[in-house]
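Please look over the sequence and the structure shown here before reading the briefing that follows.

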Amino acid sequence: MKYYVENFGCQMNEHDVEKISTLLLVAGYERVREPSGADVVIVNTCCVREKAEQKFYSLMGRLRTLKRRKGTLLGVTGCIPQLEKKDIAEKLPFIDFSLGPSSIHRVKEAVESASRKERLLDFSDNGCAASLHVRPQIAVGTPKAFITIMKGCDNYCSYCIVPYVRGREKSRQSSDILEEIRVLVDRGVREVTLLGQNVNSYNKGQNDLSFPKLLSEVNSMSGVERIRFVTSHPKDLSGELIDCFGSLEKLCQHIHLPFQSGSDKILRLMNRGYTADEYKEKLDLLKNRCNNIAITADCIVGFPGEDEKDFEATMMLVKSVRFDGLFSFCYSPRKLTQAASLPDSVPREESMHRLQELQSVQKAVTSEKNRALEGTKVEVLVEGMSKNSSLELTGRTRSNKIVNFKGDRNLVGELVKVEIVKGYANSLKGTRLKEVYDA
Ligand code: SF4
């Protein structure tokens, strides 16, 4: 049987798709690149923003036509069915199965049931952690891998739907995580990214390693050459974790630390648990421990009650920090969340205007920072061939910047030294240096 998986959303979702894929591959299914060539199409969904939800429903309209034409089985997984529960089967009566994020380990069973014309729906959530333990299979020689260390979130930021669809925080046993990394290293992985909605609170209050201790254990594993983690919450970024950036040599010089707003009033309404000054103090501590650390973040504009002064505070924060990259979005209300019932919504047009202003400032900063790297020598982990040229390789620096450079395919998986010759808005161009990387 042939399957196709489409994904919407974050790295956690991408990782879930790899788990779904592994479970089907192990069962003897074959992955195809186009829905039209598949016997079963699975759409893994995201409901964090309205736009992703709209895109999903319009894709399902197209897949319904495919099903009518070819009899393709259709499955929906992830956050939207978890939110809608049984209503998903009423909204999309033509789907053959649906699983929430905590039930994706049942995907093979769901496809088999669908083949017998029995519709499996499973949206069990908080208690079920079986999906957390599925280990995605990766091809031998793949240089980097993601490892889920926890699921869910206890923070209840007022705009965010994650706690309602991914449930409360649940951490994996550290011994299980370390064993998974050992297996990955044996298959050739050199860079590991520890994944969770809020990795900083890994094992909070439990009788196992804290997150900094887990990082330290991974740092001591032979074969691991680079460590990353995502995502961090500023209020849970402890001094011990900040110190890791100065003491663990394999921890890459990059942190993704969403600030969401530069206005204390809006941060309070968002229930973020820190002020703009406290956020900046944490960045100062990080820079003191690791002066070349790259900082990226997320930011929302047009949150209910955001006036000109609040937006100005966000602009000031962005201009003063000079992020290496920024993911910025217009606020969109999500049902069940506290913010959905807040008054003083910002007109869409005004939100769009603010977003454009913010993005144009950030784009200039990112380009400037990338240009400042011209002439420097950096370590790059080669991830594969560039999408834009069959003669070029692509990889990332320790600061997580994309570098493209001419080179042979057999360098994939290697750490090489590259001189940056050009900095663009979203990537760097380099020339490979023959010497061994020694910085
Ligand atoms: S920390 Fe806040 S924004 Fe992040 S997943 Fe949890 S509730 Fe959502």
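Leaving aside its neighbours within four places in sequence, with which residues is Ile149 in contact? Ile149 is in contact with Lys170, Ser171, Arg172, Ile177, Leu194, Leu195, Val199, Tyr202, Phe211 and Leu214, where contact means heavy atoms within 4.5 Å. This is a predicted model, in which local features need pLDDT of at least 70 and side-chain atom pairs count only at pLDDT 80 or more, while totals for chains, interfaces and linings use all residues. Residues are numbered from 1 along each chain as its sequence is written, and side-chain values use heavy atoms, with hydrogens and water left out.

**Nonpolar cores**

- Ile149 is also among the residues with the most contacts inside the largest nonpolar core, which has 55 residues, and Ile181, Leu194, Phe211, Leu215 and Phe229 are listed with it.
- Another core, of 26 residues, lies apart from the largest one and has Ala38, Leu59, Leu66 and Phe123 among its members.
- A nonpolar core is a set of buried Ala, Val, Leu, Ile, Met, Phe, Trp, Tyr and Cys residues joined through side-chain atoms within 4.5 Å; buried means under 20% relative accessible area, exposed over 50%, and partly exposed in between, with a 1.4 Å probe and protein chains only.

**The largest cavity**

- A search of the whole structure finds 1 cavity of 30 Å³ or more, a cavity being a set of points on a 1 Å grid over the protein atoms alone where a 1.4 Å probe fits but cannot get out.
- The largest cavity holds about 100 Å³ of space, a volume being the space filled by probe spheres set on the points, which are joined across faces, edges and corners.
- Its lining, made of residues with an atom within 4 Å of a point, consists of Met12, Asp16, Lys19, Pro101, Ser102, Ser131, Leu132, Thr148, Lys151 and Arg166.
- Helix H1 (residues 11-26) gives the most to this lining, with 3 residues; helices (H or I, at least four residues) and strands (E, at least two) are DSSP runs, numbered from the N terminus.

- Ile402 has its place in strand E17 (residues 402-406), and Ile402 is partly exposed because its relative accessible area is 30%.
- Ser427 lies in the loop between strand E18 (415-423) and strand E19 (428-433), and Ser427 counts as buried because its relative accessibility is 17%.
- Beyond residues up to four places away in sequence, Ser427 touches Asn370, Ile402, Asn404 and Lys422.
- Leu433 is found in strand E19 and is buried, with a relative accessible area of 15%.
- Leu433 touches Lys377, Lys417, Val418 and Glu419, when residues up to four places away in sequence are not counted.

How values were computed. 1 Å grid on protein atoms, 1.4 Å probe; cavity = no way out; pocket = protein on both sides within 12 Å on 5 of 7 lines; lining within 4 Å.
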